[in-house]
Amino acid sequence: MPRLTLPRSWSRVVICWVEPHVDGGAWPVKRTVGEQLDAVAGVIVDGHDTLSVELRYRHEKGPVQAVPLRLRYNNEYEGGFPIEHLGTYTYTVQAWVDQFGTWQDAFQRRVKGGDTAYEIESELKDGALLLRRAAEQAEGDDQAQLLAAADRFDAGDVEAGLDPVVAQLAHQYDPRIGAVESEPLEVVVDPERARFAAWYEFFPRSTAPVPGQHGTLDDAARLLPRIKEMGYDIVYLPPIHPIGEAFRKGKDNRPTAEPGEPGSPWAIGGDRGDGTRGGHKAVHPELGGPEAFDRFVAAATEQGLQVALDIAFQTSPDHPYIADHPDWFKQRPDGTIRYAENPPKKYQDVHPIDFESGDWKALWKELRSVFEHWIDRGVTVFRVDNPHTKPLAFWAWCLGTLRAKHPELIFLSEAFTKPKMMQTLAKLGFNNSYTYFAWRNTKEELTSYGQELFGTDVAEFFRPNFWPNTPDILTEYLAKGGRPAHQVRFVLAATMSSAYGIYGPPYEHVDNTQHPDREEYANNEKYEIRRWNWSDPSSLQGFMQRVNQIRKANPALHHMRNLTFHEVSNPQLIAYSKSWGDNHIVVVVNLDPQHRQSGWLALPMPEGASFRVHDLLNNETYTWHGSHNYVELDPYTKPAHLFRLEFG
């Protein structure tokens, strides 16, 4: 017969699994300051003994703390701890047989069952031994109380054997014989704005008060109070660096620019205009140079806004990297440097960087120093352009070393690519991610996508930042649906996810003229300076402000993993709710931007129950009864309901 070989140290207790985890603990889960890490563990033991299970956690090099886990059902124990600091927490689950608890449970049943006096006295002596073993771990008054209780047990004091205070002391000083502990898991903690923030993107060069002039960062700073008033938290600027002259693109991405055309800000490089060369650490002279940038950051900070910068690791042919480090780029056999291509698209104004260059160590350090340069100038939020086209090893190293020193950093991944790549980028350090939200339009598409992002394990590490438009994206839904479609998509973005953003000026002005050949804006601001009426009373400014006010005032809308969809008897109406504590929000949206739609909304309410719903968006209040209630929405006057449920 085969022989059973036991490990040198073994236990009857088995921890089957611990949640949450990402890929078995290969990557950390993510939370933000102010949240709680709620854990569940499956723990078993042979027989009928009572188990003690606790969650042990520590913040980086701080002391280990512990909270007990409660048995909920089926050998599953749950509990959590508050997230109070940026950085990294480590947590484990420890479990052991609660010997005194097991003894007291059996003793209570013996007393109730009418065991003989001899049997009771014998059991009390066993209990006394357990108390004396616990007393060895205690000191002072606690030790004295345990020993006194043991003496009472030996004297046959039945009441002492049933005393919950004695049980609590015995539990506190349990020697934990045979205790087991799970493998450590990590949770990375980000600032709250990684979870709850509204982003507003605009081009500073389009903010000059005089038509046709190139705007400066000082011009842009004058718009910051307006952006704050609309309820935004983060102002995101496309690249602010000098723009290359060679192969500069013209209007609407024409291959050649006409004289005076400003070019795409993503073609980074060129002369700064003051005799020095420009690159990723320079500010375009027509934007006002670095001094104007510092004034812009100071003005934003005064408004309570954070500045997000676009980091695009690519260069124009004029970038100083080309002359100083030609080996950082892939070269053709004729010695020319390869420009960016995504056949059949060609980007002659941009050169991709070769991350596998023989001088890759110096290259990687230089690129990291770009982030460090702007961090030193007060920037802690970055939108990273096309990170999926750069090596994952680079991002793991770069973001890991940056966030070890600056845990307050926020990185938004602009990776419109396959889900596994998007998710891996999130795992290794990006704490916000663009999504496919812009192209999810039907009730079925939105529901299945929302459930995937917010209701599966993906939500433990992937934070969706919903953008209905970008300078590269003007969807058919927005182009054909006009103002109602813009309102619909805005409400969906701002309430399905707690982090969202818009490319602001064309969105609030409902500029929905689409390029005839592409799913993007005609007269694209990427290639020209636009003129916007920043005080247009017919814009969506007031609508955006109201939605953002509702977001800020309702904690349920500050979170992501609390999204629940509800049935509505009309495929053109979508309904979902979010709850946080006693704050309950129900959102109903008409997905048809052209026609009035109505239906019956089902909520999990008892039949006969009456409650009020306050439509915060339209300032109307209704009394509803039971689980099914009628809703009707006209896209031109009332495209959505944002209900707050009120009971009592």
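Mentor: The axes of H11 (residues 392-405) and H12 (residues 419-428) come within 9 Å and cross at roughly 25 degrees. That makes H11 roughly parallel to H12, a label for angles under 35 degrees. Axes here are lines fitted to C-alpha atoms over the stretch in contact, with angles running from 0 to 180 degrees between N-to-C directions. On the H11 side, Leu392, Trp395 and Ala396 make the contact, and Met421, Thr424, Leu425 and Leu428 do so from H12; contact means heavy atoms within 4.5 Å. Helices are DSSP runs of H or I with at least four residues, strands are E runs of at least two, and both are numbered from the N terminus.

Keep in mind that this is a predicted model, where local features need pLDDT of at least 70 and side-chain atom pairs count only at pLDDT 80 or more, while totals for chains, interfaces and linings use all residues. Residues are numbered from 1 along each chain as its sequence is written, and side-chain values use heavy atoms, leaving out hydrogens and water.

Now for His319, which sits in the loop between strand E14 (314-315) and helix H9 (320-324). At 2% relative accessibility, His319 counts as buried (under 20% relative accessible area, with a 1.4 Å probe and protein chains only). Leaving aside neighbours within four places in sequence, His319 is in contact with Ile268, Gly269, Gly270, Gly279 and His280.

Key. Buried < 20%, exposed > 50% of the residue type's maximum accessible area, 1.4 Å probe, protein only. Parallel < 35°, antiparallel > 145°, perpendicular 65-115°, else oblique.
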